[in-house]
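Here are some exercises to work through with the model open beside you. Try each task before reading its solution.

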Amino acid sequence: MSIYDVIFYLFAILTIGSGYLVVTSKNIVHSAFYLLFTLFGVAGLYVLLAADFIAIVQLMVYVGGILILLLFGVMLTNKVTDVKIRTGTIHIIPAVIGTGLLMGVIVSMMLRTNWKSEPGELPFTTTYGLGRILLTDYVLVFELLAMLLLIALIGAASIARRDNE
Amino acid sequence: MTLLEITIITMIRIAIIISVLLLTVSYLVYFERKISAWTQNRIGPNRVGWRGALQPFADVGKLLLKEDIIPSASNKSIHTLAPFITLVIAFSTYAVIPIGPNVTLFGYDIPLAVADVNIGILYVLALTSLGVYGITLAGWSSGSKYSLIGGIRSSAQMISYEVSMGFSIAGVVLVAGSLSPITIVESQYGWMWNAVLQPIGFITFAISAFAETNRLPFDLPEAEPELVGGYHTEYSSMKFASFFLAEYANMIIASALIVTLYLGGWQVPYIDKLGLGETLTVLIQIGSFFVKMGAVLFFFIWVRWSIPRFRYDQLMSLGWKVMFPLSLFNVVWVAVLIMLFNI
């Protein structure tokens with residue numbers, strides 16, 4: 001086992017372990033806190049895959065932005081913090097069927113896909129290539145996403161202002 | 001270089017940076033007290049050691065010996081964890097900032113930064129956005145309304161000013177064509193400092209840095225008249241000291257970033273024309289980095305003792321209605337400069 005394997009398993013354990021704690025934890029702020037480690041572990045896996053830019057963006061967007069807003073929402077709605085969330089098991093049979101099917105699909109996809117694995121030099125940095133692709137081949141998708149975000153922003157502002165009329 | 005050699009050299013660099021940083025932090029507190037005394041026509045600390053020079057050590061000793069109080073209404077595990085999160089994030093940000101050009105020591109070519117990460121600037125941005133966690137969790141877990149409001153104010157402020165900070169950095173990245181701090185410093189050769197090329201970006205970045213470090217005039221998270229101590233109201237002893245340390249470490253990082261991104265890092269204009277030896281040049285360059293950093297730190301302290309605090313709505317409208325459009329304008333300005341003059 002090389003050093004990369006060890007690091008991979010460390011991050012994998014971190015991701016899955018904290019993911020388990022997110023769904024089993026009884027306090028909603030604790031759940032959000034464990035989610036921090038899950039997202040962090042995923043960022044680590046990206047680094048191992050030599051996707052440095054994606055890893056940092058994962059940290060900036062998910063950990064630094066979305067999760068903070070989530071925590072914010074939880075903290076400001078004070079009543080939610082006191083509610084004990086149900087973490088027991090209900091509807092076991094439908095849940096087992098559902099997750100079993102999903103797992104089956106994922107595993108069969110993993111086994112059947114013809115993964116391309118070519119030995120090759122890893123690029124020193126992925127930023128340059130990503131920027132090029134985003135503004136040439138995928139420019140339409142890129143601009144459409146920007147439009148979508150703008151629409152969401154205007155929508156949020158108009159919902160927040162409705163009370164004042 | 002073998003793996004062992006790389007590990008040892010990196011360890012040495014980490015140890016040097018951490019100890020320099022810790023020492024600077026403790027003396028920064030001393031200088032803050034001295035400069036504030038000077039501004040207000042007082043004497044300041046002058047009892048411990050020569051002119052109070054040992055005051056920081058006395059302060060640390062006092063804080064270590066104090067009783068550590070955990071309020072019964074608090075969430076104990078998170079209450080304990082929050083100061084450490086803040087401290088770790090504050091110190092790990094420093095890893096990518098170069099203090100000098102590459103030097104050759106004992107036959108090894110050593111860059112004078114702990115890690116030469118090719119997306120270093122993004123790393124700094126990501127870590128500063130993580131810094132919100134320590135403060136938010138501290139505010140929430142204390143179980144006190146003052147702490148909670150302080151924590152929430154601080155995170156709202158940091159998220160708002162991160163936007164204009166990111167856009168100001170975009171201007172620097174455009175000029176350098178790289179996200180690596182070392183390349184950014186090398187691109188500011190001679191007088192081509194980014195503060196000269198893009199003064200608006202420099203101003204928006206500096207103001208955002210003040211807001212990110214929670215310094216006056218943006219210290220709403222710990223506004224004493226309204227919030228007691230803000231997010232660290234319920235902290236005592238070494239946990240309080242961790243917040244204190246992290247705050248000053250963040251100030252050092254902010255000034256190091258301002259120097260790296262806008263004031264040419266370790267570059268000294270026309271130093272290669274003087275015909276000095278290589279060793280002397282490198283030493284002067286490292287010295288110039290620290291001199292510039294000291295000047296920016298003095299500016300931080302100077303502003304704190306000269307300017308009153310903003311009101312909260314003024315802070316938000318300044319961030320979104322002034323800083324954000326200005327930083328966007330700066331990106332356009334830099335793009336036009338690059339198009340016209342091909343820098």
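**Exercise 1.** In which hand of crossing does H10(B) pass H11(B)? Work out the rest of this helix pair too.

*Solution.* First, some ground rules: this is a predicted model, where local features need pLDDT of at least 70, side-chain atom pairs count only at pLDDT 80 or more, and totals for chains, interfaces and linings use all residues. Residues are numbered from 1 along each chain as its sequence is written, while chains are lettered from A and ligands numbered from 1 in the order in which they are written.

Step 1: find the elements. Helices (H or I, at least four residues) and strands (E, at least two) are DSSP runs, numbered from the N terminus. H11(B) covers residues 278-304, and H10(B) covers residues 237-262.

Step 2: get the geometry. The two axes come within 9 Å and cross at roughly 120 degrees. Axes here are lines fitted to C-alpha atoms, for helices over the stretch in contact, and angles run from 0 to 180 degrees between N-to-C directions.

Step 3: name the angle. Under 35 degrees counts as roughly parallel, over 145 as roughly antiparallel, 65 to 115 as roughly perpendicular and the rest as oblique. H10(B) and H11(B) are therefore oblique to each other.

Step 4: get the hand. H10(B) passes H11(B) in a right-handed crossing. A crossing is left-handed if the near helix is turned anticlockwise from the far one by less than a right angle, and right-handed if clockwise.

Step 5: list who touches whom. Contact means that the C-beta atoms of two residues, placed from the backbone, lie within 7 Å. From H10(B) come B:Met251, B:Ile252, B:Ser255, B:Ala256, B:Ile258 and B:Val259, and they meet B:Phe289, B:Lys292, B:Met293, B:Val296, B:Leu297 and B:Phe300 in H11(B). Sorted by class, that's 10 nonpolar, 1 polar and 1 charged. (Ala, Val, Leu, Ile, Met, Phe, Trp, Tyr, Cys and Pro count as nonpolar, Asp, Glu, Lys and Arg as charged, and the others, Gly among them, as polar.)

**Exercise 2.** H10(B) also packs with H3(B). Describe that pair.

*Solution.* Step 1: H3(B) spans residues 76-92, and its axis lies 9 Å from that of H10(B), at an angle of about 25 degrees. That makes the two roughly parallel.

Step 1: the crossing of H3(B) with H10(B) is left-handed.

Step 2: the residues from H3(B) include B:Pro83, B:Phe84 and B:Leu87, and those from H10(B) include B:Lys239, B:Phe243 and B:Ile253. The class tally for this contact is 10 nonpolar, 3 polar and 1 charged.

**Exercise 3.** At what angle do H8(B) and H12(B) pack, and which classes of residue meet there?

*Solution.* Step 1: H8(B) (residues 199-212) and H12(B) (residues 312-341) pack at about 140 degrees, axes 9 Å apart. That makes H8(B) oblique to H12(B).

Step 1: H8(B) passes H12(B) in a left-handed crossing.

Step 2: among the residues that meet are B:Ile200, B:Gly201 and B:Thr204 of H8(B), and B:Met323, B:Phe329 and B:Trp333 of H12(B). The contact divides into 7 nonpolar, 6 polar and no charged residues.

**Exercise 4.** Zoom out: how many helices and strands does each chain have, and what share of each is buried?

*Solution.* Step 1: chain B has 12 helices and 2 strands; its elements run α-α-α-β-β-α-α-α-α-α-α-α-α-α from the N terminus. Chain A has 7 helices and 0 strands.

Step 1: a residue is buried if 20 or more other C-beta atoms lie within 10 Å of its own, exposed if 12 or fewer, and partly exposed in between, with C-beta atoms placed from the backbone. By that count, 45% of the 343 residues of chain B are buried, against 13% of the 165 residues in chain A.

Step 2: B:Glu5, in helix H1(B) (residues 3-39), has 10 other C-beta atoms within 10 Å, so B:Glu5 is exposed.

**Exercise 5.** Which elements of chain B give two or more residues to the side that touches chain A?

*Solution.* Step 1: the contact takes 18 residues from chain B and 17 from chain A.

Step 1: the elements are H4(B) (120-141) and H5(B) (145-176), with H4(B) giving the most, 10 residues.

Step 2: by class, chain B's side has 14 nonpolar, 4 polar and no charged residues.
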